Amino acid sequence: MTLSVGIIGSGNISGIYLENLPRFADVKVVACADLRAEMAARQAVAFGIEAAGVDDLLRRSDIDIIVNLTIPAVHAEVTLKALAAGKHVYSEKPLAVSNSDAATIVAEAGAHGLKVGAAPDTVLGAGLRMAREMIDSGRVGRIVTGTATIFSHGMEHWHPDPEFFFKPGAGPVFDMGPYYIAALVQLLGPVKRLAAMTAIGAETRTVTAKSPKRGTAIRVDTPSTALAILHMENGAVISFGASWDVWRHAHPPIELHGTEGSIRVPDPNFFGGTIEVSERGKAWRKTGCGEFALGAPNWPAGKPSHANYRGAGVAELASSILHGTAHRTSASAGQHVVEVMNAILESGRTGQFIELPAATRPQAITEEEARRLAYRSASPL
């Protein structure tokens, strides 16, 4: 049995979902929608599915799961409408912009007997899976400290319509932060409390990407730099940095230091990569994960260099519905990420430590479970 999927939001990110989802078990994409009808029509033709209006898609009895790929500011609105229509939902990150909306989504899903999943699903990938196994096995001892770093110079250089990236609900904390925060929670457990400072590097940005928006000035209405200290529930103290005001740097994405050694974790924006471990100050030893499920490079098409299996979270949601398997990318996990991100911005405004609500570390996914999500691929996912 498979569950039918309808996609709402047919913009830039929808392509990778439409490309990947046919390779996963338990799901079949049948239609897509967008407020801009021409966008939905274009993707429908490209991927051999139907185009529909948003309300029509929600009313369809043959749609089981809505994949919400709208802009962050309306994630909660669209997810709640889908729940009211009796649909399970998988939402792109973040689950919501506000803590109250995230809590409402979790409550409404429970009230309707439905399930909600939330990106990032990169936590299901071989890179983070192997790093977690190494940490949990005690390879580097008890993690004491570390860094998580998201540094670049923004989105206006490549995205055709990047204005929303610089508005509340986005910025580097809400746009890229979910990958890194979700990864830290998978590796170490929930965040207990934090303190942060924030800044806006430039009040306006100019679009330089080749698009009709080229040359347009964008007002920056959310912090473009945030530096935080995260006190994890397990006692580790992690430095978290997110900035779109950096031209060049040499920081690894995530580097954690334990009582017996250190570990460098692959970029949590992708599913694979290389794990590096130094035991008691010895030279870094590299371990690849390309032979494992959701770890082999598959993107970009034609010359793959990264493991990009976005859509795995939709398959995991479907598996949890059909087979009662564990749901790691759940709305509850997404809610904690939203609470952490909002706490970073609030602490940046107030200068105060923020205590986080209690949360639970998601259950680890095994290699066998990861392979079960992806039986349709001709090569190992």
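**Note on the predicted model**

1. T216 is partly exposed, with a relative accessible area of 34%. The residue sits in the loop that runs between β9 (204-206) and β10 (217-219). Once neighbours within four places in sequence are set aside, the contacts of T216 are R205, T206 and V207. The C-alpha atom of T216 is 45 Å from that of G113, a residue 103 positions away along the chain. The model is a predicted one, and the points below should be read with that in mind.

2. Overall architecture. The protein contains 11 helices and 17 strands. Its radius of gyration is 20 Å, against the 21 Å that the globule rule gives for 381 residues, so the protein is as compact as a globular protein of that length. The C-alpha trace spans about 55 × 50 × 45 Å along the principal axes. Of contacts between residues at least 6 apart in sequence, 72% join residues at least 24 apart.

3. Burial, surface and charge. Of the 381 residues, 55% are buried. The accessible surface amounts to about 16000 Å², and carbon and sulfur atoms account for 54% of it. There are 36 positive and 37 negative side chains, and a distance of 5 Å separates the centres of the two sets.

4. Helix α4. This helix covers residues 75-84, and its buried residues are H75, A76, V78, T79, A82 and L83. Viewed down the helix axis, these residues fall within an arc of 165°, so they line one face of α4. Their packing partners include strands β1 (3-8), β4 (65-68), β5 (88-91) and β6 (116-118). On the helical side, the buried residues of α4 pack against α3 (54-59) and α5 (99-112). Just after the helix, G86 has a positive phi of about 85°.

5. Helix α6. How many residues of α6 are buried? The count is 9 of 11, so the helix is largely enclosed by the rest of the structure. The buried set consists of A126, G127, L128, R129, M130, A131, R132, M134 and I135.

6. T122 lies in the loop between β6 and α6, and V123 is placed in the loop between β6 and α6 (126-136). T122 is buried, with a relative accessible area of 1%. V123 is buried too, at 6%. Neighbours within four places in sequence aside, T122 touches L128, Y179, P268, N269, F270, F271 and R310. The C-alpha atom of V123 is 9.0 Å from that of I365, although 242 residues separate the two along the chain.

7. Cis peptide bonds. Most residues other than glycine have a negative phi, and most peptide bonds are trans. Which bonds are cis here? One joins K93 and P94, with omega about -10°; another runs from W299 to P300, with omega near 0°. P94 is in the loop between β5 and α5. P300 is in the loop between β16 (285-288) and α9 (312-323).

8. D26 has a positive phi of about 75° although it is not a glycine. R280 is another non-glycine residue with a positive phi, of about 50°. D26 is located in the loop between α1 (14-20) and β2 (27-33), while R280 is in the loop between β15 (274-279) and β16. Is each of these side buried or exposed? D26 counts as buried, at 12% relative accessibility, whereas R280 is exposed, with a relative accessible area of 64%.

Definitions and conventions. Residues numbered from 1 in each chain as written. Predicted model: local features only at pLDDT ≥ 70, side-chain atom pairs only at ≥ 80, totals over all residues. Heavy atoms only, no water. Helix = DSSP H or I, 4+ residues; strand = E, 2+ residues; numbered from the N terminus. Rg over C-alpha atoms; globule rule 2.2 N^0.38 Å. Buried < 20%, exposed > 50% of the residue type's maximum accessible area, 1.4 Å probe, protein only. Contact = heavy atoms within 4.5 Å. Areas by Shrake-Rupley, 256 points an atom, 1.4 Å probe, with all protein chains shown as cover. Lys, Arg positive; Asp, Glu negative; His and termini not counted. Charge placed at Lys NZ, Arg CZ, Asp CG, Glu CD. Arc of directions from axis to C-beta.
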